[in-house]
Amino acid sequence: MGRRTDRNKEPGGKLSVAEFLRLVPERLKKIAGSSDSDVEQAADYPVNRLAAEIHPGTQNLRIAKVCTLSADTKLYTLIPDPESGTASLAPFAPGQYISVRVEKDGRILSRPYSLASSPEEAAGNGKGDGVYEIAVRRIPGGEVSGHIHENWEIGTRVTVSEPMGEFTYERLRDAGCVVGIAGGVGITPFRSHIRSILRGGESFRLILLYGVRKEEDIIFGSELEEAAKSGMIRVVYVYSDEKKTGCESGFITPGLIRRYAPDSEYSVFACGPSSMYRFLEAELPALGLRRKYVRYDAKGQIMEPRGEPDYTPADGSEYSITVRRNGDGKTVKCHPDETVMSAIERGGIAVPSGCRSGECGYCHSRLVSGRCYIPASRDGRRQADKIYGYIHPCVSYPRSDLVIEVPPVPAGPSVRGDTE
Ligand code: FES
């Protein structure tokens with residue numbers, strides 16, 4: 001192999017192409033001269049250990065603290081549960097979520113919740129002493145949020161997914177200033193961004209337009225006031241149902257965004273209910289922003305599919321869904337405006353899920369026969385999936401009787417074999 005010279009190195013000391021090419025014959029010579037006996041398998045590759053820490057699939061945690069944030073919202077602090085197989089928390093980027101799995105009446109249900117704490121808090125001191133925080137708003141009639149509010153207390157053991165989601169800040173893609181639009185409990189991922197900015201984990205200016213009905217609906221108010229003193233964050237409250245001095249009233253419109261946005265380029269990040277997204281999708285083009293500068297937090301299911309612009313009415317009032325897995329089959333009933341996933345879960349069959357909004361692909365299932373309505377705004381399938389008949393049940397609505405094959409739910413670190 002030739003001697004390395006500075007002439008062959010790229011600026012910064014990296015290997016140049018010329019030097020790399022000189023390595024090839026040397027490497028081929030070594031391969032040709034090596035023994036062809038079996039290579040002993042290393043039981044524990046450091047890289048595999050690291051991958052398992054970063055992507056554990058599921059995590060078994062415990063509730064360490066419960067705080068009431070408002071009449072309908074509680075903040076839960078979660079810590080690792082080494083006895084159940086999780087020694088430390090998986091790292092994440094601000095804006096990501098975890099999917100929380102609960103067992104109710106013999107059924108396994110899951111919902112995504114944004115991580116409201118920062119990655120720095122999850123890391124702790126690196127000794128398994130980190131925390132996650134999630135805020136759960138009790139939705140009227142909500143099975144999972146109601147179950148959590150009624151049953152989760154200090155010491156409760158819970159199973160959650162690894163962190164997921166794309167509602168993250170990327171320095172190479174996003175502008176140096178972000179106008180954040182938070183609707184109600186949609187403030188939670190922004191709290192994670194804010195806490196990370198204050199700890200030096202992220203570096204961008206955030207102008208947060210926080211929309212609520214009334215002052216009493218604000219959560220994390222004192223923290224937001226404190227964060228605003230840093231100079232990196234500005235918070236503007238927008239009340240839809242009342243007027244307050246020094247605050248905006250009405251809804252978040254392009255005009256309002258322009259009033260607070262900088263003259264330079266900026267990104268828009270929005271997190272809130274699906275009705276807010278529909279409104280913004282229609283209104284935001286007026287700002288003329290580049291597409292890469294607009295991000296929506298997509299997790300969570302569509303509550304009213306009838307509001308989708310391409311909504312396709314159904315012929316029937318109820319359909320049968322035959323669910324197959326590992327050769328077994330079970331039939332459940334589904335209303336045309338209910339997602340296939342909800343119907344399957346209601347029937348007592350657990351389905352892998354993450355975002356519940358068509359984005360992550362965890363629920364990816366084969367549609368053996370039948371037709372579905374899939375809103376274009378939520379259809380995150382790859383082209384190959386469309387061609388070969390795969391659907392995401394979390395955003396699919398039956399338009400005929402269906403036969404569907406669903407994958408098994410991944411087991412947690414210490415609960416292998418207990419889920420379907
Ligand atoms: S749960 Fe993410 S695509 Fe269905």
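**Briefing: sheet, surface patch and a buried leucine**

Five strands make up an open sheet of mixed pairing, arranged in the order β14-β13-β19-β15-β17. The structure is a predicted model, in which local features need pLDDT of at least 70, side-chain atom pairs count only at pLDDT 80 or more, and totals for chains, interfaces and linings use all residues. Residues are numbered from 1 along each chain as its sequence is written, and side-chain values use heavy atoms, with hydrogens and water left out.

**The sheet**

- Strands here are DSSP runs of E with at least two residues, helices are runs of H or I with at least four, and both are numbered from the N terminus.
- Two strands are taken to pair if DSSP finds at least two bridges between them.
- Strands of a sheet pair through backbone hydrogen bonds, either parallel or antiparallel.
- β15 (residues 365–369) pairs with β17 in the antiparallel sense, over two bridges.
- R366 stands opposite Y390 in β17.

**The nonpolar surface patch**

- L15, V17, F20, L21, V24, L28 and I31 form a nonpolar patch on the surface, and together they have about 650 Å² of accessible area.
- Such a patch joins residues with over 30% relative accessible area and no salt bridge, linking nonpolar side chains (Val, Leu, Ile, Met, Phe, Trp, Tyr) within 5 Å, or like charges within 9 Å.
- A salt bridge is a side-chain nitrogen of Lys or Arg within 4 Å of a carboxyl oxygen of Asp or Glu.
- Accessible areas come from the Shrake-Rupley method with a 1.4 Å probe, and for residues only the protein chains shown count as cover.
- L15 lies in the segment before α1 (17–32), and its relative accessible area of 37% makes it partly exposed.

- L89 is located in the loop between β2 (73–80) and β3 (97–104).
- With 9% relative accessibility, L89 counts as buried; buried means under 20% relative accessible area, exposed over 50%, and partly exposed in between (1.4 Å probe, protein chains only).
- Apart from its neighbours within four places in sequence, L89 is in contact with Q59, L61, L78, I79, P80, A122, G130, V131 and Y132, where contact means heavy atoms within 4.5 Å.
- L89 and Y132 are 43 residues apart along the chain, and their C-alpha atoms are separated by 7.9 Å.

**The chain as a whole**

- The chain has 10 helices and 19 strands.
- Of its 420 residues, 47% count as buried.
- Among contacts between residues at least 6 apart in sequence, 69% join residues at least 24 apart.
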